[in-house]
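Hello,

Here is the structure we talked about passing on. Please have a look, then read my notes below.

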Amino acid sequence: KNKNKNNNNNRRRSSSSRNDNTYWNNQQITEMSMGVADFGQCYDSMNNRIYLCGGLDSQFRSLSQSICFDMATNKWLNLPKLNHQRHCNRVQLLDNPNVLMTFGG
């Protein structure tokens, strides 16, 4: 019995992995216009968007950029700049869809 149980579990894991890989391998995500690291980010599950704020550019300078990736259109959208340059910050989307808060960094 245990042998059959393990085989069934392995099949379930395999098919789950295969489905997940197929999904992600078929997605063509548009690259950002510039490289950035140590940015704050959050995900908007209601609108299927990813928000990135601040970060470091390739010269390790703090950034004031805010951008949004719209998963429905597969496009990056520029948002208003932050008041201060920052990196290693945190980002939170508030219930009001027009309020994106970043702090720290």
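First, the ground rules. This is a predicted model, where local features need pLDDT of at least 70, side-chain atom pairs count only at pLDDT 80 or more, and totals for chains, interfaces and linings use all residues. Residues are numbered from 1 along each chain as its sequence is written, and side-chain values use heavy atoms, with hydrogens and water left out.

**Salt bridges**

Side chains of opposite charge can pair when their charged atoms come close. I call it a salt bridge when a side-chain nitrogen of Lys or Arg lies within 4 Å of a carboxyl oxygen of Asp or Glu. The count comes to 2 salt bridges.

One joins Arg49 and Asp70, at 3.4 Å from N to O. This pair links distant parts of the chain: Arg49 is in strand β2 (residues 49-53) and Asp70 in strand β3 (residues 66-70), 21 residues apart. Strands are DSSP runs of E, at least two residues, numbered from the N terminus. Asp70 is buried, at 9% relative accessibility. Arg49 is partly exposed, at 27%. (Buried is under 20% relative accessible area, exposed over 50%, partly exposed in between, with a 1.4 Å probe and protein chains only.)

The other pairs Arg61 with Asp57, at 2.9 Å from N to O. Asp57 is buried, at 12% relative accessibility.

**Surface patch**

Leu94, Val99, Met101 and Phe103 form a nonpolar patch, with about 310 Å² of accessible area together. (Patch residues have over 30% relative accessible area and no salt bridge; nonpolar side chains, namely Val, Leu, Ile, Met, Phe, Trp and Tyr, are joined within 5 Å, and like charges within 9 Å. Areas are Shrake-Rupley values with a 1.4 Å probe, and only the protein chains shown count as cover.) Val99 sits in the loop between β5 (90-93) and β6 (100-103). Val99 is partly exposed, at 31%.

**Pockets**

A pocket is an open set of points on a 1 Å grid where a 1.4 Å probe fits, with protein on both sides within 12 Å along at least five of seven lines; lining residues have an atom within 4 Å of a point.

The largest pocket has a volume of about 250 Å³. Of its 13 lining residues, Ser66, Leu79, Pro80, Asn98 and Leu100 are the closest to its centre. β2 and β6 each give two or more residues to this lining.

The second largest pocket has a volume of about 180 Å³. Its lining includes Glu31, Trp76 and Lys81. The largest share, 3 residues, comes from β4.

Best wishes

Terms used:
Helices (H or I, at least four residues) and strands (E, at least two) are DSSP runs, numbered from the N terminus. Grid points are joined across faces, edges and corners, and a volume is the space filled by probe spheres set on the points.
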